[in-house]
Amino acid sequence: MKIPYGELFWDRKGDLIDITQWGSLRHGKDGLAYVRIGRETVNFLGDDIDVSTVWIGINHGWNPDRPPLIFETMCFGGPFDGECARYSTEEEAEAGHRQTVENLRRGEPPWFIDDGAFPSREANVNVEGDS
C-alpha cells in the first residue's frame, strides 16, 4: 500500500477522510465513544498504570509504503509512563491493549518493550511486530 504524502486522516475502518470528517468523529457528540478502544488501570508492582487505547485517526507512521498507524496504546504512570505502541487496524489495537494489560498484571513490561529496560521511547509496532 503506497500512501501519498498528505493523506493524514483516516476513520476507524481505515478509510481515508478529510480533516472536517476527522474533527466531527473526534469531537462530535459521540466523540469519546468513537475514539476509545479500551482503558484500564492496572497495578504493576505497586504502581497504578492507566492503559489507554484510542483511535487517533492521524497517520503517525510516516512511511508511504506501510499502512497508516491510526490507533495507539499508551501507558500513563509508573515506570512505563508515556510508552506507546501504534497500530493500523482496530483489531490490532484491541489485541495490543489486551496484551499490554495482561503483561502488566503478570508483573511484566508491556509487550512492545522488548528489552525489559524502561527507557522512554516510542514503539511504533503492531501486534505482529510489522513496523
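Strands E3 and E4 (residues 84–87) run antiparallel to each other and are joined by four bridges; strands here are DSSP E runs of at least two residues and helices are H or I runs of at least four, numbered from the N terminus, and two strands pair if DSSP finds at least two bridges between them. Please keep in mind that this is a predicted model, in which local features need pLDDT of at least 70, side-chain atom pairs count only at pLDDT 80 or more, and totals for chains, interfaces and linings use all residues. Residues are numbered from 1 along each chain as its sequence is written, and side-chain values use heavy atoms, with hydrogens and water left out.

**Overall make-up**

- The chain contains three helices and four strands, arranged as α-α-β-β-β-β-α from the N terminus on.
- The chain has 131 residues, and 39% of them count as buried, that is, under 20% relative accessible area, where exposed is over 50% and partly exposed lies in between (1.4 Å probe, protein chains only).
- Its accessible surface is about 7200 Å², with 50% belonging to carbon and sulfur atoms; the areas come from the Shrake-Rupley method with a 1.4 Å probe, and for residues only the protein chains shown count as cover.
- Taking contacts (heavy atoms within 4.5 Å) between residues at least 6 apart in sequence, 51% join residues at least 24 apart.

**The sheet**

- An open sheet is built from four strands in the order E1-E2-E3-E4, with antiparallel pairing.
- Strand E1 (36–44) and E4 are its edges, each pairing on one side only.
- On average, neighbouring strands are turned by 15 degrees against each other, direction ignored; axes are lines fitted to C-alpha atoms, for helices over the stretch in contact, and angles run from 0 to 180 degrees between N-to-C directions.
- E1 and E2 run antiparallel and are joined by eight bridges.
- Two residues lie between the strands of the E1 and E2 hairpin, where leucine 45 has a positive phi near 50 degrees.
- Strand E2 (residues 47–55) also pairs with E3, antiparallel, over six bridges.

**Following the bridges across**

- Glycine 38 has threonine 53 in E2 as its bridge partner.
- Threonine 53 is in turn partnered by threonine 73 in E3.
- Threonine 73 then has alanine 85 in E4 as a bridge partner.
- Elsewhere, valine 51 stands opposite cysteine 75 in E3.
- Strand E3 (residues 71–76) is mostly covered, with five of its six residues buried.

**Helix H3 and isoleucine 37**

- Helix H3 (residues 90–105) lies across E1, E2, E3 and E4, and runs at about 10 degrees to E1.
- Isoleucine 37 sits in strand E1, and its contacts, leaving aside neighbours within four places in sequence, are Arg12, Thr53, Val54, Trp55, Phe71, Glu90, Ala93 and Glu94.
- The C-alpha atoms of isoleucine 37 and glutamate 91 are 9.8 Å apart, although the two residues are separated by 54 residues along the chain.

**Confidence**

- Mean pLDDT for the chain is 85, and 82% of its residues reach 70 or more; pLDDT is the predictor's confidence in each residue, from 0 to 100.
- E3 has the highest confidence, at 98, while helix H2 (residues 31–35) has the lowest, at a mean of 83.
- Over residues 118–131, pLDDT stays under 50, and the model has 41 contacts beyond four places in sequence for this stretch.
- Where pLDDT is low, predicted coordinates should not be read in detail.
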